[in-house]
Amino acid sequence: EEEEEEEEEDVENETEVAEDAGQGATALQTERLAPRRKLPPLLVPVTGRRPEPLHWCGVSFGVTDGLLKFWKRLGFRLTYLRQTKNGVTGEHTTIMLRQFQTNGTVFPPDAPVPSSTWLDSFVDDAQRRLVTLLAFTFRDFSATMAL
């Protein structure tokens, strides 16, 4: 019986707020705050949901020969390389992306399905910029990093 009264108060609070919404600050001044009952959980166990379809995964880091080689081996492709060095580490920041295969993946009806070549245009642009700037900004790169 006590729970029913609290639930009725929750509904009354929501109604008051909705009625006062057009009155600006008065809605905040007159709202009565109370704990609400029977809210859905904020977190759900991973086993309780179907995984979301992923199109891509990205990583950003201060580029070094070893890290660049590591991420390339995992299938990530260079999409951005900052022209100025990080003031603290002295490294150029890079962003690398890896596209996942989405063949056979069932997407929600309203979700856009990515084309299979969307990443190529980013990679091509980054390579074009890198080659152009090798004589200037990136002239200190080692031969292995430049390749």
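Colleague: Leaving aside its neighbours within four places in sequence, which residues is T94 in contact with?

Modeller: They are V59, S60, F61, V63, L78, Y80 and L81, where contact means heavy atoms within 4.5 Å. This is a predicted model, in which local features need pLDDT of at least 70 and side-chain atom pairs count only at pLDDT 80 or more, while totals for chains, interfaces and linings use all residues. Residues are numbered from 1 along each chain as its sequence is written, and side-chain values use heavy atoms, with hydrogens and water left out.

Colleague: Why is T94 called buried?

Modeller: Its relative accessibility is 0%, and buried means under 20% relative accessible area (1.4 Å probe, protein chains only); therefore T94 counts as buried.

Colleague: What lies 2.8 Å from a polar atom of the side chain of T94?

Modeller: The backbone oxygen of Y80 does.

Colleague: Why does H92 count as buried?

Modeller: H92 has 5% relative accessibility, so the same label, buried, applies to H92. H92 belongs to strand β3, residues 92–99, and T94 is also found in strand β3; strands are DSSP runs of E, at least two residues, numbered from the N terminus.

Colleague: Which backbone oxygen lies 3.4 Å from a polar atom of the H92 side chain?

Modeller: That of Q83. Beyond its neighbours within four places in sequence, H92 is in contact with residues including Q83, L81 and F138.

Technical notes: Helices (H or I, at least four residues) and strands (E, at least two) are DSSP runs, numbered from the N terminus. Buried means under 20% relative accessible area, exposed over 50%, partly exposed in between (1.4 Å probe, protein chains only). A polar contact is a pair of N or O atoms within 3.5 Å; within protein, one must be able to donate a hydrogen and the other to accept it, and residues adjacent in sequence count only if both atoms are side-chain atoms.
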